Amino acid sequence: MRLLDFIFGKKKDAKTSVPQSKPAAKQQPTASRPATTTSSAPKTAELSIAPFVFESNQHQRYENGNPVQGLQECPRIIKVEKNVNGCSGYQLKNDDGYIVRMINGDTGQPQMSAKPMRVIKSTVTEVILRGYMVSAQTPFGFQDFDMSDYGLTVSLEDGKVVKCVLHMYDRNADIEYQKILTKVFFPIIKQSFCKREINRS
């Protein structure tokens, strides 16, 4: 009996015994990574220019870097407007770039057709705009037209426009528009100082 109890007792113990699980492997420490958020990423400065109207009373044309035709003293109005709802004669996306206009100050008529442009460079003292590929209206319907032959450089002083240069890259020609004060004011000189200056001469 003891022999049978010994044999059957071993089998019972084998059935009821639960295998012990192996100890879990220790988790290797990993280098912590900084959480990436959209606010931590550097933002690219938007290339833009405030819309303006610049009234020029003198302009000079340059061809191949050389002045031609002499200094022209006549009013010209340069307008740079934000493209909000497109432009007549073009199929443009709203809020894409700017519309550059040139107006004859004597007649009030356009000096050239409106030119869609985008800002390609912007600093405190200078903003450069240039045309791009657009769909323009022609007698044969709307067709793709490369406006990159046109550009405009705007010179700034203390945030104010002081000069505009229209570029026609395909012709290697530029037209520089400025506003020159024609009236010169001299300070009032005291009579005693004038006499003294005259006596010294």
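Colleague: Does T153 count as buried or exposed, and at what relative accessibility?

Modeller: This is a predicted model, in which local features need pLDDT of at least 70, side-chain atom pairs count only at pLDDT 80 or more, and totals for chains, interfaces and linings use all residues. Residues are numbered from 1 along each chain as its sequence is written, and side-chain values use heavy atoms, with hydrogens and water left out. Buried means under 20% relative accessible area, exposed over 50% and partly exposed in between, with a 1.4 Å probe and protein chains only. T153 therefore counts as buried, at a relative accessibility of 10%.

Colleague: In which strand does T153 lie?

Modeller: Strands (E, at least two residues) and helices (H or I, at least four) are DSSP runs, numbered from the N terminus. The chain comes to two helices and 13 strands. T153 lies in strand β11.

Colleague: Which side chain does a polar contact of 2.7 Å join to that of T153?

Modeller: Contact means heavy atoms within 4.5 Å. Leaving aside neighbours within four places in sequence, T153 is in contact with residues including E126, I128 and K163. A polar contact is a pair of N or O atoms within 3.5 Å; within protein, one must be able to donate a hydrogen and the other to accept it, and residues adjacent in sequence count only if both atoms are side-chain atoms. At 2.7 Å, the partner of T153 is H167.

Colleague: Where does S148 lie?

Modeller: S148 is buried, because its relative accessible area is 19%. Not counting residues up to four places away in sequence, S148 touches R130, G131, Y132 and Y169. Its place is the loop between β10 (141–146) and β11 (150–157).

Colleague: Over the ring of which residue does the charged end of K115 sit?

Modeller: A charge sits over a ring if NZ of Lys or CZ of Arg is within 6 Å of the ring centre and within 35 degrees of the ring normal. K82 lies over the face of Y98, at 4.9 Å from the ring centre. For K115, at 4.7 Å from the centre, the ring is that of Y150.
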